[in-house]
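Subject: The structure we talked about, with notes

Hello,

Here is the structure for you to open, and below it I have written down what was found in it. Please keep the view beside the text as you read.

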Amino acid sequence: MQNKFVSILCGGLTRAAVTCPLIAALGLAMVFAPTEETMGQVQRILYIHVASAWLGLLGFAVMGGCGLAYLLRRNLAWDHWSRAANEIGWLCSSLTLLTGSLWAHSAWGTWWTWEPRLTTMFVLWALYSSCLIVRSSMDEPHLSARIAGALAILGLLDLPLVIMATRWFRGIHPVSPEMEPMMQVTLLLNVIAFTVFFGLLFARRHSQLVSESLLHQLEIHVLADHPPVVNEVRTIPPLSLETF
Amino acid sequence: MSTFVTSYVIFWLVVALYVVQLGGRQRALLERMASLQLRLQESRRQQFENLD
Amino acid sequence: MRTATTLYWLVCKDLVSEYRARQVWPAMLMLGALVTFLFNAQLDAVVEGKSRMLAIQVWLAIYFAGTLALHRTLTTEHVDGCWDALRLYPITPAWIYTAKLTVNFLVLAALQAVILPLCVLLSNVPLQEHAWHMVVVAVLGNIGISSVGTLLGGLWLCSRQGASMLACLALPLVAPVILAASEATRLVADSEIGPQWWRWVGLLGVFDVVFVTAGIVLFDFIIED
């Protein structure tokens, strides 16, 4: 009874902790933050764009770190973290490219330009994608963990070089423009709220991956002990949720 | 609709898509768990029936 | 001393094996030459910025044709128990990586020795005027591509899935090499050997050091069993 109450309370608190800042951040970003003079409303894309770009980079660091930990320890628990970071990071970097492209279209009049940060983000996205492809193409968990881990570490080493290489072409991306205090507060709140929100998604995906792998082991175990009955007339029908 | 609203809508649409997909995986996971348990229970029942 | 001898035999073995079977080199050289040939047929019509386009073409041709050979150097080890024999050599995996890297370097160098003169012949872009600068760029770019290629070849070897994806996985990683090498090549073609050229060459050098080191360290973790 006590335990249940505590768990419900915790769940509610987590949800509130995620939802409230998110709503506040959205409200600030969409309505209350002052409108920028030259670009107008479009500048409001900044808040989600910067937040997701930050998460894309953070995700890569987490993925690389956990990949390294896996290679050193050979413990699949690290790979689950790395895998979850891979998916969330891929999502965030895709969103960055998407929002950035929309913003660039109305601010610069082009969907895409070969500008240092855009190119870097694109390479980051490609690295995320290649790790995802590796993971999805292999069934053996340790093998895919090993390969994806090594790829993630290589990607982490690669990123500074990509940044250097692309920075030496001239760019039009603003580095860190002057902002009004209200805009700064909005941006900060957005970054925090998004970090918490995607952190929750990350944790969810991670726990899902853990139970998936446990279930997989259990299934192998059970299949060995109780092979499916073939000779009997009454075999077990494949189950779907509709059966309940 | 202004570009800014469009991009917010697209952003959350993509996120929602991911969350829905996450939910789908969770459902598939539960399905697998349930069918595993059913198989265990079924095989035990059959063992007893064979004894009879 | 013993390590150096072992290294020598490992490299020799691969070269002899290729010389006898001629499995990769002809196809690789042919592909590189064909790509260069077809591209230059189009390039002929270009007036402005010819050197820029030629530079990126050279490096993409080297990369894609080279991939044929890069994955091959390690997959040949995987069949018929070659791998066990390879592990029998009295050296650590780091040295196996070094040996394979040397072979791949030689393969890519042969490829470059065909593609670069062919480009000069077909396009009239004067790469030969600063031949030594071009050689520096070629060697550094070569090491960059082959260090990543060898490492990923090692990864793919474990997965037994063939190298169909090697090219698309390695490309984001070698993006800085391709960018820097083609930019440096363009500067050579335009006779602009200055601080800017040195900067790109420096970037190539840093990439090479980082990835050869990473390869030596990671190879041990990657292969095992």
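The side chains of A:Asp79 and A:Arg135 come together in a salt bridge, with 2.9 Å from N to O. A:Asp79 belongs to helix H3 of chain A and A:Arg135 to helix H4 (residues 116-137) of chain A, so this pair ties together parts that are 56 residues apart in sequence. In general, side chains of opposite charge can pair when their charged atoms come close. Please bear in mind that this is a predicted model, in which the count over all chains comes to 11 salt bridges.

How many salt bridges does the rule find across the interface of chain A and chain B? There are 2 of them across that interface, and a salt bridge also joins the side chains of A:Glu87 and B:Arg25, at 3.5 Å from N to O. By class, the contact of H3(A) with H1(B) has 10 nonpolar, 4 polar and 2 charged residues.

As for the geometry, two packed helices are described by the angle between their axes and the distance between the axes. Helix H3 (residues 76-107) of chain A and helix H1 (residues 3-51) of chain B pack at about 165°, and their axes are 10 Å apart. An angle over 145 degrees counts as roughly antiparallel, which means that H3(A) is roughly antiparallel to H1(B). The crossing in which H3(A) passes H1(B) is right-handed.

Helix H6 (residues 181-225) of chain A also packs with H1(B), and here the axes come within 10 Å and cross at roughly 25°. H6(A) and H1(B) are therefore roughly parallel to each other, and H6(A) passes H1(B) in a left-handed crossing. The residues in the contact of H6(A) with H1(B) comprise 18 nonpolar, 4 polar and 7 charged ones.

Turning to whole chains, which of the 2 pairs of chains in contact shares the most contacts? Chains A and B do. Their buried area is about 3700 Å², of which carbon and sulfur atoms give 73%. Between chain A and chain C, 28 residues of chain A are in contact with 29 residues of chain C, and about 2600 Å² is buried there, with 81% given by carbon and sulfur atoms. The count of salt bridges between chain A and chain C is 0. Chain B and chain C are joined by no contact, and their closest C-alpha atoms lie 24 Å apart.

Within chain C, helix H2 (residues 25-43) and helix H3 (residues 50-78) pack at an angle of about 160°, with their axes 9 Å apart. That angle makes H2(C) roughly antiparallel to H3(C), and their crossing is right-handed. Among the residues that meet are C:Leu31, C:Val35 and C:Phe39 in H2(C), and C:Met53, C:Leu54 and C:Phe64 in H3(C). The contact of H2(C) with H3(C) divides into 13 nonpolar, 5 polar and 1 charged residues.

Best wishes

Key
Residues are numbered from 1 along each chain as its sequence is written. Chains are lettered from A and ligands numbered from 1 in the order in which they are written. This is a predicted model: local features need pLDDT of at least 70, side-chain atom pairs count only at pLDDT 80 or more; totals for chains, interfaces and linings use all residues. Side-chain values use heavy atoms; hydrogens and water are left out. Axes are lines fitted to C-alpha atoms, for helices over the stretch in contact, and angles run from 0 to 180 degrees between N-to-C directions. Helices (H or I, at least four residues) and strands (E, at least two) are DSSP runs, numbered from the N terminus. Angles under 35 degrees count as roughly parallel, over 145 as roughly antiparallel, 65 to 115 as roughly perpendicular and the rest as oblique. A crossing is left-handed if the near helix is turned anticlockwise from the far one by less than a right angle, and right-handed if clockwise. Ala, Val, Leu, Ile, Met, Phe, Trp, Tyr, Cys and Pro count as nonpolar, Asp, Glu, Lys and Arg as charged, and the others, Gly among them, as polar. Contact means heavy atoms within 4.5 Å. Buried area is the accessible area (1.4 Å probe) that two parts lose on being put together, summed over both. A salt bridge is a side-chain nitrogen of Lys or Arg within 4 Å of a carboxyl oxygen of Asp or Glu.
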